[in-house]
Amino acid sequence: PDFFINKAKQKLAQENYQGALSDLTKAGYIKQNNLDIMMLKAKALNLMGNYKAAAVKYTACIKLAKSRYSSKLPDLYVQNAEVKKNLKDYEGALEDYKEAKELFMKKNNFAGYKKVLASIKETQNTISTQPKDPASNNSNSIKAYMNIAVNAFRNGDYKKTIYFTTKAIEITSDNPKIYEIR
């Protein structure tokens, strides 16, 4: 598999992510459950912007690393956290960063620990600056969407009116008053 792994690394450096994945798949046929191959696949998927597939692959890497390659675990958690941030799963990213922080501390890797602390702080800041979605609380979300829609209608913003009434309909389609405004 080393031949295909080396080819894949070259292709990653050349930003030929699809070619790298092809070579890594060939390497995986030769040597199954190889953490290095899996990690490179996850990296290629992440660089391609296929964050969901990268998150799945990193999760599989973490599972494998827990049983075989514990020295790579902290970095895997960091990489998985970065992918989760790309998916806007900030809470999931925080969990992975915290896991990495603990592992770096156990290994006395203070540089890694310090870097993860900065990432945790950055992610917490991102969470605190995210606008709150009215749908996060279903009991009030219909009312919130409808208030926005009514105000938009009064201001002549009909696109916004339709958008927010549609959001309310997505939550509950059995309220005839919503359709009257729309």
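Beyond its neighbours within four places in sequence, lysine 85 is in contact (heavy atoms within 4.5 Å) with Tyr90, Ala93, Tyr97, Glu122 and Thr123. The structure is a predicted model in which local features need pLDDT of at least 70 and side-chain atom pairs count only at pLDDT 80 or more, while totals for chains, interfaces and linings use all residues. Residues are numbered from 1 along each chain as its sequence is written, and side-chain values use heavy atoms, with hydrogens and water left out.

Lysine 85 is placed in helix α5. Its relative accessible area is 14%, and it is therefore buried (buried means under 20% relative accessible area, exposed over 50%, and partly exposed in between, with a 1.4 Å probe and protein chains only). The C-alpha atoms of lysine 85 and threonine 123 are 8.0 Å apart in space, although the two residues are separated by 38 residues in sequence.

The protein has 10 helices and zero strands, where helices (H or I, at least four residues) and strands (E, at least two) are DSSP runs numbered from the N terminus. The order along the sequence is α-α-α-α-α-α-α-α-α-α. Of the 182 residues, 37% count as buried. Among contacts between residues at least 6 apart in sequence, 42% join residues at least 24 apart.

Helix α1 (residues 2-13) and α2 have axes that come within 8 Å and cross at roughly 165°. Helix α1 is therefore roughly antiparallel to α2. Axes are lines fitted to C-alpha atoms, for helices over the stretch in contact, with angles from 0 to 180 degrees between N-to-C directions; angles under 35 degrees count as roughly parallel, over 145 as roughly antiparallel, 65 to 115 as roughly perpendicular and the rest as oblique. The crossing of α1 and α2 is left-handed, a term for a near helix turned anticlockwise from the far one by less than a right angle. On the α1 side the contact is made by Phe4, Ile5, Lys7, Ala8, Lys11 and Leu12, and on the α2 side by Tyr17, Gly19, Ala20, Asp23, Leu24, Lys26, Ala27 and Ile30. These residues comprise nine nonpolar, one polar and four charged (Ala, Val, Leu, Ile, Met, Phe, Trp, Tyr, Cys and Pro count as nonpolar, Asp, Glu, Lys and Arg as charged, and the others, Gly among them, as polar).

For helix α2 (residues 17-30) and helix α3 (residues 35-48), the axes come within 9 Å and cross at roughly 160°. Helix α2 is therefore roughly antiparallel to α3, and the crossing of this pair is left-handed. The contact involves Tyr17, Gln18, Leu21, Leu24, Thr25, Ala27 and Gly28 of α2, together with Ile37, Leu40, Lys41, Ala44, Leu45, Leu47 and Met48 of α3. Its residues divide into 10 nonpolar, three polar and one charged.

Positive phi values occur in loop residues other than glycine. Asparagine 33, in the loop between α2 and α3, has a phi of about 55°. Its relative accessible area of 48% makes asparagine 33 partly exposed. Lysine 88 is located in the loop between α5 (73-86) and α6 (90-106), and its phi is near 65°. With 59% relative accessibility, lysine 88 counts as exposed.
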